[in-house]
Amino acid sequence: MKVLVVGGGGREHALCWKLRQSAELGELYCAPGNPGTATIARNVSVAADEIQRLADLAADLKIDLTVVGPELSLALGIVDEFQERGLRIFGPHQRAAQLESSKVFAKEFMARHQIPTAPFQVVHTAKEARRAVKEIGLPAVLKADGLAAGKGVLIVRERSELRPALDVFFSERRFGGAGDRVVVEACLEGEEVSLIALSDGRRLLALAPAKDYKRVGVGDQGPNTGGMGSHSPSGVLGSAEAAEVLERVMWPVIEQMAGENQPFVGFLYAGLILTQEGPRVLEFNVRLGDPEAQSVLLRLEDDLLPVRVAGAERRFDLPRLRFRREAAACVVLASR
């Protein structure tokens, strides 16, 4: 098979590394790729947000399956474009991708379907945000509605931190249009963990849980980033807790998205916090997490390529995925 991986990060390098092991793989391309992917795939200089050019590329190369890494490609409707052209691709449609591309959509979806998450309000102005923080209490979390490369989240722990945080969203407009609407929610305490599953729109295949680290500084200090490392197993989510998350979070998403006429196909990522009252959803992503992919895919025993093809064709036939018992870790080296 000819396979195209879209994206240029560590996640895409991990995907290419895993796909390269498949006996069913012929040619492997990565757009735009990076120096790591260049050692195992052919890099093509097309950016992940150039949806039309990516579709042209897939058609010209007669690609059998396209695998999407970044959330931006999905939010821009790459799956819709490819499927309109009859090109096989694994991922959610643009409407279903709102689970990640819109924090407001995700929170309102969870509220509608009793999926456990933090109490929240949606605001449009600094004045509304102050009122929401007063009602919810401190500490509170402010989240830009749209995509902000994993950085559109601020935690306000003290009253003195509120005004600077509101300025970031409403005066400085640091997140641009992504901050037109802001979710204000209660700050939950506990260990964070990631659980990711593949869906064909009807069934789920769970990946091994992973724990990722988001803060930029030594000692887990400083602002949030898109990801500063991960390890799998997570060390905090046992098999019983993982089964509970699948039952109370993942399955309801698949069932209710189908019920709302926007079936979810692709990677469903639940960013969780383990509170004293049980697991709560901090966020949904609609793709394989990075850096989680870099640790989880090292442990995956099954051939990822036929699983992806089956998912794209909405016909999972495996009962579950198998993982090595060994642990894997991803360490991020970051510039100052």
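Ser-295 sits in helix H10, which covers residues 292-299. Helices here are DSSP runs of H or I with at least four residues, strands are runs of E with at least two, and both are numbered from the N terminus. Keep in mind that this is a predicted model, where local features need pLDDT of at least 70 and side-chain atom pairs count only at pLDDT 80 or more, while totals for chains, interfaces and linings use all residues. Residues are numbered from 1 along each chain as its sequence is written, and side-chain values use heavy atoms, with hydrogens and water left out.

Is Ser-295 buried or exposed? Ser-295 is buried, because its relative accessible area is 0%. The word buried stands for under 20% relative accessible area, exposed for over 50%, and partly exposed for the range in between, using a 1.4 Å probe and protein chains only. Which residues touch Ser-295, once its neighbours within four places in sequence are left aside? They are Ala-210, Ser-230, His-231, Ser-232, Ala-328, Ala-329 and Cys-330. Contact here means heavy atoms within 4.5 Å.

Let's move to the strands. Strands of a sheet pair through backbone hydrogen bonds, either parallel or antiparallel. In this model, two strands pair if DSSP finds at least two bridges between them. Strand E1, residues 2-7, has 5 of its 6 residues buried. E1 pairs with strand E2, residues 27-32, in the parallel sense over 6 bridges. One place to look is Val-5, whose bridge partner in E2 is Cys-30.

Next comes an open, antiparallel sheet of 4 strands, in the order E6-E9-E7-E8. Its edges are strand E6 (120-123) and strand E8 (153-156); each has a single partner strand, so one side of each is left without a neighbour in the sheet. From one strand to the next, the twist averages 20°. Such angles are taken between N-to-C directions and run from 0 to 180 degrees, with axes fitted as lines to C-alpha atoms, for helices over the stretch in contact. E6 is joined to strand E9 (residues 182-186) by 4 bridges in the antiparallel sense, and Gln-121 has Val-184 as its bridge partner in E9. Helix H7, residues 126-136, packs on this sheet and touches E6, strand E7 (140-144) and E9, with its direction at about 170° to that of E6.

Strand E10, residues 191-200, pairs with E11 over 3 bridges in the antiparallel sense. Ser-199 has Leu-204 as its bridge partner in E11.

A pocket is an open set of points on a 1 Å grid over the protein atoms alone, with protein on both sides within 12 Å along at least five of seven lines; a cavity is a set where a 1.4 Å probe fits but cannot get out, and lining residues have an atom within 4 Å of a point. The second largest pocket holds about 490 Å³ of space, a volume being the space filled by probe spheres set on the points, which are joined across faces, edges and corners. Of its 21 lining residues, Ala-206, Leu-207, Ala-208, Pro-209 and Ala-242 lie nearest its centre.

How many cavities of 30 Å³ or more are there? The count comes to 2. The largest cavity has a volume of about 40 Å³, and its lining includes Val-68, Phe-90 and Arg-287. The second largest cavity has about 30 Å³ of space. Among its lining residues are Lys-103, Glu-185 and Phe-284. Helix H6 (103-112) and E17 each give two or more residues to that lining, and H6 gives the most, with 4 residues.
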